[in-house]
Protein chains: 2
Amino acid sequence: MKKKAIAMVSGGIDSATLLAYLIDKNYEVEVLSFEYGQKNTFELERAKDLVKNYEIKVHKIIKLSLDQIGGSALTDNIEVPKNSYNKNYDDKDIPVTYVPARNTIFLSYALAWGEVRKINNIFFGAHIVDYSNYPDCRPEYISSYEKMANLATEMGINGNRISIEAPFVKMSKADIIKIGINLGVDYSKTISCYDPSADGKSCGMCDACIIRLDGFAKNNMRDPIEYQ
Amino acid sequence: MKKKAIAMVSGGIDSATLLAYLIDKNYEVEVLSFEYGQKNTFELERAKDLVKNYEIKVHKIIKLSLDQIGGSALTDNIEVPKNSYNKNYDDKDIPVTYVPARNTIFLSYALAWGEVRKINNIFFGAHIVDYSNYPDCRPEYISSYEKMANLATEMGINGNRISIEAPFVKMSKADIIKIGINLGVDYSKTISCYDPSADGKSCGMCDACIIRLDGFAKNNMRDPIEYQ
């Protein structure tokens, strides 16, 4: 019997690659996505395309409203910074695109859903190399979350050890794209932009677009999606 | 200047006592409640009464739908057990009123809200003595959550240490009621029932009612709320 896993899939490059990676590792994957009040509503459509493409049987979309919390350019009326990507951020400089405690909230839903589905392997595509000091993408955060998860849940205390893994956490976007290319990921079915146009075209100027374009360039490839 | 704190208030005995306790300790308290798809919709009304009573300035009610997740008698069409309260549960026997990862989800929203409000003290009323092995009410869970929270957030990594406290965690319901009585808590403004009637009267038979009634009895008092 195949091992089961929950994969958190947003519709971006990391989660598309994650899906291909887990299928290649012979997991039976259930996909979890979040409709959280993000300005980029095209993400979810891309997540659905990916799910269809990989013939995933269970795709759970959890609705929540992080716009109730606010505090981020991804959910609020705060302008998304353009043409300002800087790999040399100061250690403590956290960009306005950080959504307060977002990964902690998402992982907590994944944990709850894992309890219900009896699946103790949870994967997500977080990585820190290009990611501008988001505190909740760091390896030490992820391992601390995993410890907590094993104390928080019925599965954890009953000996079904919960594993929370971000297999790409120490990779760059270029490394991730390389893995995806080898696994045949169709990146035209992904979107990364923090601020796409009304018809779903990426801006090409926000941090997410710049990191993405750079990742393809480093693989000597053209990004297959449309830009404004 | 008063220290600020976020208190998670459900409208039950523990959170009513917590509110009085924090005000007595001279905290400026902001209250956080959750409308999560619970069958007991009277809880939130009691939380609002308490907030009014203590003249709390900020009461944030976060809407989320744990009924999307399911797996609990508190949110689903699963019958709430009646007349079956048993203090001698086996260690690993978790009741159907456990909501998968509920405290983890709630604390994660509190963490996000703390980031936005710049408040690093988060309190909740969890306690384990009477509470039938809910894994996410145990002291080791809470301290593990606190460690994770300090790695997860801007406040945490920038040196504003986040504190997650459940001051009553090792107390019984009777102990908590005793504290509340000394602080003048009006327990008629609370509700604990897992399955109240349509007009808001408590059933008197679920675990929550039995623990509550027992707690008042041990203080030689009559519970001031109405039962069916």
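In the predicted model described here, 14 of the 16 residues of helix 3 of chain A are buried, so this helix is largely enclosed by the rest of the structure. Just after helix 3 of chain A, the backbone of A:Lys118 takes a positive phi of about 60 degrees. A:Lys118 belongs to the loop between helix 3 and strand 4 (121–123) of chain A. Because A:Lys118 has 10 other C-beta atoms within 10 Å, and 12 or fewer count as exposed, this residue is classed as exposed.

A positive phi also occurs at A:Asn220, where the value is about 55 degrees although the residue is not a glycine. Most residues other than glycine have a negative phi. A:Asn220 lies in the segment after helix 7 of chain A. With 6 other C-beta atoms within 10 Å, A:Asn220 is exposed.

The packing of helices in chain A was examined next. Two packed helices are described by the angle between their axes and the distance between the axes. For helix 1 (residues 13–24) and helix 6 (residues 173–182) of chain A, the axes come within 9 Å and cross at roughly 40 degrees. Helix 1 of chain A is therefore oblique to helix 6 of chain A, and the crossing of helix 1 and helix 6 of chain A is left-handed. On the side of helix 1 of chain A, the contact is formed by A:Ile13, A:Asp14, A:Ala16, A:Thr17, A:Ala20 and A:Tyr21, which meet A:Lys173, A:Ile176, A:Ile177, A:Ile179 and A:Gly180 of helix 6 of chain A. The residues of this contact comprise seven nonpolar, two polar and two charged.

Helix 6 of chain A also packs against helix 7 (residues 207–218) of chain A, with axes that come within 8 Å and cross at roughly 60 degrees. This angle makes helix 6 of chain A oblique to helix 7 of chain A, and the crossing of helix 6 and helix 7 of chain A is right-handed. Here A:Lys173, A:Ala174 and A:Ile177 of helix 6 of chain A meet A:Ile211, A:Arg212, A:Asp214, A:Gly215, A:Phe216 and A:Lys218 of helix 7 of chain A. By class, the residues of the contact between helix 6 and helix 7 of chain A are four nonpolar, one polar and four charged.

Between the chains, 38 residues of chain B are in contact with 38 residues of chain A. Two or more residues on the chain B side are given by each of strand 3 (59–63), helix 3 (102–117), helix 4 (139–152) and helix 5 (154–157) of chain B. Helix 3 of chain B gives the most, with nine residues. The side of chain B that touches chain A holds 20 nonpolar, 10 polar and eight charged residues.

Within chain B, B:Ile142 lies in helix 4. B:Ile142 counts as buried because it has 22 C-beta neighbours inside 10 Å, where 20 or more are required. Leaving aside neighbours within four places in sequence, B:Ile142 is in contact with B:Ala126, B:Ile164, B:Ala166 and B:Val169. B:Ile142 and B:Asn103 are 39 residues apart in sequence, and their C-alpha atoms are 9.5 Å apart in space.

Terms used:
Residues numbered from 1 in each chain as written. Chains lettered and ligands numbered in written order. Predicted model: local features only at pLDDT ≥ 70, side-chain atom pairs only at ≥ 80, totals over all residues. Contact = placed C-beta atoms within 7 Å. Helix = DSSP H or I, 4+ residues; strand = E, 2+ residues; numbered from the N terminus. Nonpolar A, V, L, I, M, F, W, Y, C, P; charged D, E, K, R; others polar. Axes fitted to C-alpha atoms, helices over the stretch in contact; angles between N-to-C directions. Parallel < 35°, antiparallel > 145°, perpendicular 65-115°, else oblique. Left-handed = near helix turned anticlockwise from the far one by under 90°.
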